[in-house]
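This briefing goes through the fold of one protein, topic by topic. Look at the sequence and the model first, then read the points below.

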Amino acid sequence: MVFQAPRMNAQESAAWVGLVTVSQLLPAALDAQLQRDSRMTHFEFSVLTVLRFSPAQTLRMSALAGETASTLPRLSHVCARLEKRGLVERSPSADDRRATDVRLTGVGRRELIRATPGHIETARRLVVDALTPDQLDALAEISAVIRGRLAGGSEEPVAGDD
């Protein structure tokens, strides 16, 4: 069955329904692989990755929430789980005692490094290797435009919009 989105032409509908479908299926596939191979969710993997590439492998919770597109309550819950497993440590910020810093531990770094090859293989199998170089360029460009709209909350048309 082909679904036609209301108030969209066939081209718009195909693009929209395709994007929504991929945005629902891809996270579940990434979660399944990471859970099976590394006992972590894709979101936990993302949190650990952001910390790994942060100065001193530490970030304030609010900055980490921004980098992972998360709410503070969700991030706090996830960091509590990660802390119980010894993957991160939370402590009051040296700059502002009302804020909390999160630091990647040595164990967390090792677990992330172990999880990375399987995650990259899955990303390649599901997305990267399925596309031609021109399609990868187009995907990168399209993703950047959508990400910019989401990050900026822009309702302004971009070049090429009617």
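**Overview**

Of the 162 residues of the protein, 24% count as buried, where buried means under 20% relative accessible area, exposed means over 50% and partly exposed lies in between, with a 1.4 Å probe and protein chains only. The model is predicted: local features need pLDDT of at least 70 and side-chain atom pairs count only at pLDDT 80 or more, while totals for chains, interfaces and linings use all residues. Residues are numbered from 1 along each chain as its sequence is written, and side-chain values use heavy atoms, with hydrogens and water left out.

**Layout**

- The protein has 6 helices and 3 strands; these are DSSP runs numbered from the N terminus, helices being H or I with at least four residues and strands E with at least two.
- Along the sequence the pattern is α-α-β-α-α-β-β-α-α.
- The C-alpha trace spans about 55 × 35 × 30 Å along its principal axes.
- Among contacts between residues at least 6 apart in sequence, 46% join residues at least 24 apart; contact means heavy atoms within 4.5 Å.

**The sheet**

- An open sheet is formed by 3 strands in the order β1-β3-β2, with antiparallel pairing; two strands pair if DSSP finds at least two bridges between them.
- β1 (58-60) and β2 (88-92) are the edge strands, each pairing on one side only.
- From one strand to the next, the twist averages 25 degrees; angles run from 0 to 180 degrees between N-to-C directions, and axes are lines fitted to C-alpha atoms, for helices over the stretch in contact.
- Strands of a sheet pair through backbone hydrogen bonds, either parallel or antiparallel.
- β2 is joined to β3 (residues 100-104) by 5 bridges; here serine 91 has aspartate 101 as its bridge partner, and valine 88 stands opposite leucine 104.
- β1 and β3 pair over 3 bridges, with arginine 60 opposite aspartate 101.

**Helices around the sheet**

- Helix α2 (residues 42-52) packs on the sheet and touches β1, β2 and β3; the direction of α2 makes about 90 degrees with that of β3.
- Helix α4 (residues 72-84) lies across β2 and β3 and runs at about 120 degrees to β2.
- Helix α1 (residues 10-38) packs against α2 at an angle of about 80 degrees, and their axes are 8 Å apart.
- Because of this angle α1 is roughly perpendicular to α2, a label for 65 to 115 degrees; under 35 degrees counts as roughly parallel, over 145 as roughly antiparallel and the rest as oblique.
- Where α1 and α2 meet, Leu30, Asp31 and Leu34 come from α1, and His42, Phe43 and Phe45 from α2.

**The nonpolar core**

- The largest nonpolar core has 22 residues, and those touching the most other members are Val47, Leu48, Leu51, Leu64, Leu75, Leu82 and Val102; such a core is a set of buried Ala, Val, Leu, Ile, Met, Phe, Trp, Tyr and Cys residues joined through side-chain atoms within 4.5 Å.
- At least two residues of this core come from each of α2, α3 (61-67), α4, β3 and α5 (106-126).
- α2 gives the largest share, 6 residues.
- Leaving aside neighbours within four places in sequence, leucine 48 is in contact with Met40, Leu82, Leu87, Val88, Leu104, Gly108 and Leu112.

**A loop residue**

- Serine 54 is in the loop between α2 and β1.
- Serine 54 counts as buried because its relative accessibility is 12%.
- A polar atom of the serine 54 side chain lies 2.6 Å from the backbone oxygen of valine 50.

Technical notes:
Polar contact = N/O pair within 3.5 Å; in protein donor to acceptor, adjacent residues only side chain to side chain.
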